[in-house]
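Biologist: Hi, I'm new to this one. Could you walk me through it?
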Amino acid sequence: TIVALASKYPIRNLKRIEIDFTALKKHHLDGFFKFARAPIKATIALANQKDLDVYVCHLKSNRDNEFEYIFTKNDTLEDKLKKVEVALKDNYSLSLKQRINEAKILFYDIKSNKTPTILMCDLNDKEFSITIDALTNKRFYNRNLKKDDYLLFDAYYLHKPKIYNPHPEFKGIKKKDTSH
């Protein structure tokens, strides 16, 4: 399975994402690693002569088992890490381990970028998952940080959806998960 990117602007460069194996060892990865689906990292030449790096990826699918945890906005990073530690250490959820490691590789690659960046990704996970923390939260990597500090943010929250002729009992728009 592969991912693709189409652009009306010229694609200036395609780059391979380098795997930082030292980062992966923190989450009990021993031996060989590769993405389940190789991501694309493309530099797009915009009309205003500025470049934009675009990542397209599809993380490892989750599996229905007791170790694919569902977290809420009330769960702290520490709560999540404590809960998944045994599953990762003892290989109870290889899909979860693969997905977190894919997110970690992307985090480090995006962090090293000097160009404005967009990540388009099928996370194959829930809204408040540990995978999203691995992909976005600097505190996932540096526990000395006192509060969450995000490398990426969800553009969904920049958009204010228009509601046309709502039903009288309409309670508001809810963000839909990409994985159930």
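Biologist: What share of the 180 residues of the protein counts as buried?
Modeller: 38% of them, with buried meaning under 20% relative accessible area (1.4 Å probe, protein chains only). Keep in mind this is a predicted model, where local features need pLDDT of at least 70, side-chain atom pairs count only at pLDDT 80 or more, and totals for chains, interfaces and linings use all residues. Residues are numbered from 1 along each chain as its sequence is written, and side-chain values use heavy atoms, with hydrogens and water left out.
Biologist: Okay, and which elements does the protein have, from the N terminus on?
Modeller: The order is β-α-β-β-α-α-β-α, which gives four helices and four strands. Those are DSSP runs: H or I of at least four residues for helices, E of at least two for strands.
Biologist: Switching to rings, how many aromatic pairs are there?
Modeller: Six. Rings of Phe, Tyr and Trp (its six-membered ring) pair if their centres lie within 6.5 Å; planes under 30 degrees apart are stacked, over 60 edge-to-face, the rest tilted.
Biologist: Why is the pair of Phe-33 and Phe-35 edge-to-face?
Modeller: Because their planes are at 65°, with the centres 5.8 Å apart. Phe-33 and Phe-35 are both buried.
Biologist: And which residues do ring pairs link into a cluster?
Modeller: Phe-107, Tyr-108, Phe-140 and Tyr-141. Phe-140 and Tyr-141 are both buried.
Biologist: What sits over the ring of Phe-140?
Modeller: The charged end of Arg-143, 5.8 Å from the ring centre. That label needs NZ of Lys or CZ of Arg within 6 Å of the centre and within 35 degrees of the ring normal.

Note on methods. Buried means under 20% relative accessible area, exposed over 50%, partly exposed in between (1.4 Å probe, protein chains only).
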